[in-house]
Every structure is written in structure tokens, then in C-alpha cells.
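Trainee: Please take a close look at the cavities in this model. I would like one connected account.

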Amino acid sequence: MIVVENLHKSFDGTPVLKGISTTFEKGKTNLIIGQSGSGKTVFLKSLLGLFTPEEGNIIYNGITYSEMDDDQKRELRQQMGMVFQGSALFDSMSVQENVMFPLKMFSKAPLSEMQDRVDFVLNRVKLTDAHHKFPSEISGGMQKRVAIARAIVNKPQYLFCDEPNSGLDPKTAIIIDNLVQEITQEYDITTVINTHDMNSVMEIGEKIVFLKDGHKAWEGSNKEIFRTDNEAVTNFVYSSELFKKVRQMYIEERN
Amino acid sequence: MKYFEAIGKYFLMIREVFLRPTKWSIMKNLILKEIDDLVFGSLGIMIFISFFVGGVVAIQTALNMDSPLLPKYLVGFATRQSVILEFAPTFTSIIMAGKVGSYITSSIGTMRVTEQIDALEVMGVNALNYLVFPKISAMLLYPFVISISMFLGIFGGWAASVMGGFSTSVEFIDGLQIDFKPFHVFYAFTKTIIFAFILATIPSFHGFYMKGGALEVGKASTTSFVWTSVAIIIINYIITQMLLG
């Protein structure tokens with residue numbers, strides 16, 4: 001579980017995060033949504049420890065990040081898996097080498113054991129015949145799956161995804177969403193996804209935090225988002241005709 | 001003020017490079033890869049340039065010796081002095097700032113732009129040690145490149161001088177041996193080792209801390225070449241003053 005308390009972050013005097021407090025629960029897919037420039041990426045990178053907040057606390061399983069020593073921070077990072085927006089695969093390494101990288105770095109297991117684990121996770125993300133291909137030789141959807149495999153190979157306690165669906169067709173996007181949700185439940189990890197894909201919100205948004213201008217404007221689940229009267233949320237989520245109709249149908253069905 | 005800040009950041013980066021080392025089993029492969037890319041990958045251009053510049057130095061010296069009283073062996077002497085003292089260590093390093101330096105900046109810069117460095121940091125890897133330390137280690141072989149450059153520069157001078165009829169082979173070789181000071185070789189290799197460190201670290205600094213996209217990677221490569229050259233020239237002056245002045 002991750003607890004965020006009154007998080008503030010600014011760049012060159014311009015505040016980007018303005019006192020965000022929330023909780024991301026274990027075993028759930030937690031979504032951060034909001035318009036471009038609302039502070040989603042800065043928030044996610046702060047959770048990852050890539051940005052140091054000026055004020056506020058991030059508490060991982062009861063331990064405050066700012067109070068951890070360097071060894072504890074390093075240990076925590078090894079419990080984190082991250083899927084970057086552009087996948088961030090090492091382009092000089094094959095798919096197999098990319099996935100094996102965290103194991104080679106931190107595990108003392110024999111190579112055969114590492115290979116078994118790599119085969120297992122690649123199989124889990126349904127990539128069985130791409131071991132020796134390079135990132136430039138596989139599709140965007142496959143790259144995302146490799147990134148997910150690399151993120152979970154070390155059995156992390158926390159999984160972070162930055163726009164995992166960006167640049168993917170709707171069908172592949174749904175496959176990736178479902179894969180992330182299944183992995184979250186299967187391994188009972190805390191997953192935080194940064195997205196502006198409304199399909200993801202409806203499909204896997206067990207907990208949704210809506211950011212607007214660096215503030216938390218709303219939070220709830222994908223069920224609650226249909227019922228909310230929060231204007232900022234409805235303007236953002238139901239900006240398309242399709243989602244307006246979906247909402248209308250949901251309300252009519254409930255009545 | 002901005003420059004002082006950058007210098008401070010550079011030295012902090014150097015400190016970080018040597019902290020939290022990567023596992024040796026991984027590091028050893030990275031070092032071998034960098035030796036191949038940075039050292040062996042530069043030999044072709046070095047051989048070509050050294051041979052012809054050595055030849056030009058010999059021809060220029062011979063053509064400027066107007067007085068018949070000047071002995072012919074001076075062509076060999078001047079070629080040796082120019083190549084060992086300045087051409088091989090300094091001029092070659094500036095060429096390497098363009099070749100190796102821009103390669104380092106653009107490869108690390110591209111990793112920054114595509115979030116590969118963020119990925120390393122999120123995993124708990126010391127990205128600076130992982131990326132920069134192998135380059136510094138590989139550049140420890142840079143004096144080997146420079147010794148080849150010295151040999152070929154002098155050989156180019158000999159070939160141009162003998163084939164061009166400016167001196168005989170015996171006269172040229174006499175010139176190479178006259179008033180030879182081994183300290184000059186020590187001075188040249190001292191410079192070379194410092195230049196090697198500069199060639200590995202200044203381009204890495206510009207790549208690692210760059211911000212922006214593909215266009216900025218190109219800009220960072222140019223900036224890194226300029227600053228690496230400036231650093232080499234300034235340090236060349238300081239070392240020359242200290243060791244020979």
C-alpha cells in the first residue's frame with residue numbers, strides 16, 4: 001500500500017503538485033487520470049523517487065520515503081517495477097536480455113534459474129517467440145508486453161505504468177489493460193497507472209484519482225465515476241459523445 | 001554563474017560514477033564493449049590521419065628550411081618533436097572529441113530521451129556507474145592509440161621525406177635520434193591519460209544531463225565537442241607549463 005500525504009512539487013518556482021493526498025491499495029489497479037499538464041507524470045515520478053517533493057510524505061508499507069536511508073531506498077527500488085510510456089527497453093539488448101536485466105543486476109540465482117524465470121514471465125505476457133528479437137524488430141504492443149515482463153520479473157511489490165496504452169490500437173490497449181489487472185491480482189501488488197485513456201478507466205479503474213491543475217479534484221472507482229456530479233470529472237471523462245451515451249445508458253439501467 | 005554550476009555538477013557526477021559499483025560480471029562485458037566501440041572503432045581514422053599529417057609536417061619543415069647551412073636531419077628532428085609533443089597527444093585528442101565524444105553524448109543522450117536512464121534508476125541501478133565507468137575504463141587504453149599515432153606520424157614523415165627527396169632515410173633517422181629526451185614521451189603520455197579521462201567524462205556529462213528530444217541530442221553533441229576541445233586545449237597549456245615550462 002502507498003499512502004501519499006500533502007505532496008508538493010514545483011519546477012523553477014512553478015508549482016506542479018499542490019498538496020495531493022491519497023492512498024493506493026494493494027491488489028488493486030489504481031489509476032491517475034487528468035488532462036495533459038495536470039501533473040500526472042510528475043506525481044508518478046515522485047512516487048518512483050525520480051523527483052524529490054518539496055513538501056509532504058510518500059509512505060510505502062508504513063515506511064516514509066524521506067526517512068529511509070540510501071540502502072532502504074535502493075531496496076525499495078528493487079521492489080518496484082515500472083512500465084514507461086515509450087517502453088524504455090534497452091535497444092542494444094534483445095527481448096530476453098531486457099527481461100533478464102534486473103535479475104542479472106540483483107539476483108544471485110544461477111543462470112538456468114534466471115532463464116526459467118524469463119521464460120515464465122514472457123510466457124505470462126504471451127510472448128513466446130520473441131526472445132532473440134531486438135526492440136526495434138517488434139511492434140509497439142509487443143514492446144509494452146516486454147516492458148511489463150521486465151517490470152514483473154523480479155516479483156515487485158509495486159507496479160507503476162506511465163500511459164501504458166499510448167500509441168496502441170484499442171484492441172491491443174484492452175489486452176494490455178487486462179494483463180496489468182490480472183498481474184496485479186495474481187501477485188497481490190500495488191499498481192499505479194497513469195493514463196488518459198477512458199477505456200482503461202472504465203475497464204480496470206478500481207480506484208481512480210483525478211488530478212486537475214496539480215490538485216486532487218476527485219477520487220473514486222469506475223462505478224462511482226458514472227454517478228459523480230463533480231463538474232471537472234464529468235467534463236473530462238464524458239467529453240466524447242460515446243462516453244456521454246455510455247453514462248446515460250448506465251444511469252437509465254440503474255433507474 | 002551557470003558555468004560554475006555546471007563545473008560543480010560535473011565533479012559531483014564524477015564522484016557518483018565511482019560509487020555503488022555494478023556487479024563485475026556485468027561490468028566486465030560493458031568495458032569490453034566500450035573498448036571495441038571507443039578504442040578499436042577509432043583506430044582506422046587515427047591511422048589514416050596520423051600517417052598523412054606526419055607526412056605534411058615533414059614536407060612543411062623541409063620546404064621552410066631555405067638555408068643550405070641547415071642540416072637535412074632537421075626534417076626528422078622536427079617531425080619527431082611535432083608528432084610526439086603535440087600532434088599525437090593533443091591534435092589527435094581533439095579529433096577524438098569529435099568522433100568518440102559525439103558518439104558518447106548522443107548514445108547517452110538518446111537513452112535519456114527514451115527514458116532508458118530513468119528505467120535504470122527506477123530499478124535501483126547507479127546509472128552513472130553503469131554508463132560512464134566502462135567508458136572511463138575503456139579509455140585507459142587510449143595511450144595505446146596515441147602510441148600508434150606517434151609511430152605512424154613519424155613513419156608518414158619518413159615516407160614523405162624520403163619519397164619526396166627532402167632527405168635520405170639515414171638523415172631522417174639521424175634526426176629522429178638526435179637530442180632525444182625520454183621525458184618528452186613521459187610528458188606526452190601524461191597528457192594523454194588526462195585527455196582520455198576528459199574524452200570519456202565531458203561528453204558523458206552532456207549526454208546524461210541533457211533535456212528535451214532528438215533535436216537537443218544533436219545540440220548536446222555539438223556542445224560537448226566544443227567543451228571537450230576547450231578543456232583539452234586549456235589543460236594542454238597547463239600541463240605544458242608545469243612539465244616543460
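Mentor: Counting cavities of 30 Å³ or more gives one. A cavity here is a set of points on a 1 Å grid over the protein atoms alone where a 1.4 Å probe fits but cannot get out, and lining residues have an atom within 4 Å of a point. The model is predicted: local features need pLDDT of at least 70, side-chain atom pairs count only at pLDDT 80 or more, and totals for chains, interfaces and linings use all residues. Residues are numbered from 1 along each chain as its sequence is written, chains are lettered from A in the order in which they are written, and side-chain values use heavy atoms, without hydrogens and water.

The largest cavity holds about 140 Å³ of space, a volume being the space filled by probe spheres set on the points, which are joined across faces, edges and corners. Its lining comprises 16 residues, and M80(A), G81(A), P102(A), R150(A) and M123(B) are the closest to the centre.

Elements that each supply at least two lining residues are α2 (70–78), β6 (80–83), α3 (95–106) and α5 (140–152) of chain A, together with α4 (116–122) of chain B. Helices (H or I, at least four residues) and strands (E, at least two) are DSSP runs, numbered from the N terminus.

By class, eleven residues of this lining are nonpolar, three polar and two charged. Ala, Val, Leu, Ile, Met, Phe, Trp, Tyr, Cys and Pro count as nonpolar, Asp, Glu, Lys and Arg as charged, and the others, Gly among them, as polar.

As for domains, chain A is divided into domain 1 (1–79 + 156–220) and domain 2 (94–154), with bounds from an automatic or database domain assignment. Their centres, taken over C-alpha atoms, are 24 Å apart. Domain 1 of chain A gives 15 residues to the contact and domain 2 of chain A gives twelve residues, where contact means heavy atoms within 4.5 Å.

How values were computed: 1 Å grid on protein atoms, 1.4 Å probe; cavity = no way out; pocket = protein on both sides within 12 Å on 5 of 7 lines; lining within 4 Å.
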